[in-house]
Amino acid sequence: MIASTVPEKVKDMTAARYLSRAWPLLPSHAVRDAFSKKDVKVNGARVLPDAPVRGGDRMEVYLPAKLEPAKLDVLYEDERLIAFLKPVGLPADVDQDGIGEDTVKTRLVRHCASARPVHRLDTGTGGVMLAAKTDEGEEALRAAFAGHRIEKHYRALALGRLPKKSETLKAYLLKNAKDARARVVDNPLPGALPIETRYEALRTRTAAGLVLSELDVVIPTGRTHQIRAHLSHIGHPLVGDDKYGDRGANRKLSAAGICLWCRSLEIQDEKNFPEHAGRRFCADAPRWRVHALNGEDE
């Protein structure tokens, strides 16, 4: 069983909507089955999908154990830090209304009560993350990220053939918090922050009549949506990215989600992490869920 007390500031929404926001990785078929079997209760009463819920209500859902939120997928752990794998689709924390029973933060805390994340990946991006277990570890990790002493490698699948085998791109990024969107410009503007994006083209493929490039990407600066916005700015948006990319191509490819994955994090901070200096925590990218991607490499 999974259960939640609806946060007080939540206004009326349907039970189905709340369930999908509180447990975002719960498969839609499992939600439908739970309602059809009358296994969803609000304040002790069985409800239908369109039943209203509001702040203070208690929701209970009876599910097979295999569908309950998974445990933290730990890659490495010691007394100071945890390296773990974030699934695609799992948010970092609760949303703007305080809703979120299954998040990176809740999985961390269930694994270790003192654990706290020190950086973020977008909800639609999966891969390797680091968390601290102590106040000292948190301070040291935040300083390492801020000082660019943790090298981040991403795997990405972009539309088109990149102009060079490898390149270092430099530009400026403007963040629009209201629209949760970033804009890349070539010249400095008020409020714009400098960004640097390095890529290496690993191979190209043809799928559904489109050329796609698989990339290894390093971002020393790590701004909001940097990889997505920067590659789109040069005309090679990520496959599956409707916000910055080509919706028509994404539909043609039947892309299921943004093709972006944090493959590795390497600690390069000899002062604060002498025992970890040069250590890389890795996890291979999953198979991209893109139509006809198994064609011939070019």
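How many cavities of 30 Å³ or more does the count come to? The count comes to one, where a cavity is a set of points, on a 1 Å grid over the protein atoms alone, where a 1.4 Å probe fits but cannot get out. The model is predicted, so to read it well: local features need pLDDT of at least 70, side-chain atom pairs count only at pLDDT 80 or more, and totals for chains, interfaces and linings use all residues. Residues are numbered from 1 along each chain as its sequence is written, and side-chain values use heavy atoms, with hydrogens and water left out.

The largest cavity has a volume of about 40 Å³, a volume being the space filled by probe spheres set on the points, with grid points joined across faces, edges and corners. Among the residues that line this cavity are Leu72, Phe84, Leu90 and Arg107, lining residues being those with an atom within 4 Å of a point. Strand β8 gives the largest share of this lining, three residues. The lining divides into six nonpolar, no polar and three charged residues (Ala, Val, Leu, Ile, Met, Phe, Trp, Tyr, Cys and Pro count as nonpolar, Asp, Glu, Lys and Arg as charged, and the others, Gly among them, as polar).

Next comes the largest pocket, with a volume of about 1,200 Å³; a pocket is an open set with protein on both sides within 12 Å along at least five of seven lines. It is lined by 44 residues, and Arg120, Leu121, Asp122, Thr123 and His225 lie nearest its centre. Elements that give two or more residues to this lining include α1, β12 (166–176) and α5 (226–233). By class, the pocket lining has 18 nonpolar, 15 polar and eleven charged residues.

Turning to the sheet, four strands form an open sheet in the order β1-β6-β3-β4, with antiparallel pairing. Helices (H or I, at least four residues) and strands (E, at least two) are DSSP runs, numbered from the N terminus, and two strands pair if DSSP finds at least two bridges between them. The edge strands, β1 (2–5) and β4 (45–46), each pair on one side only. Three bridges join β3 (residues 40–42) to β6 (residues 58–61), and Val42 stands opposite Met59 in β6.

Finally, a search of the whole structure finds 23 salt bridges, each a side-chain nitrogen of Lys or Arg within 4 Å of a carboxyl oxygen of Asp or Glu. In one of them, the side chains of Arg80 and Glu136 meet at 2.6 Å, N to O. This pair links distant parts of the chain, 56 residues apart: Arg80 is in the loop between β7 (73–77) and β8 (81–86), and Glu136 is in helix α4 (residues 135–146).
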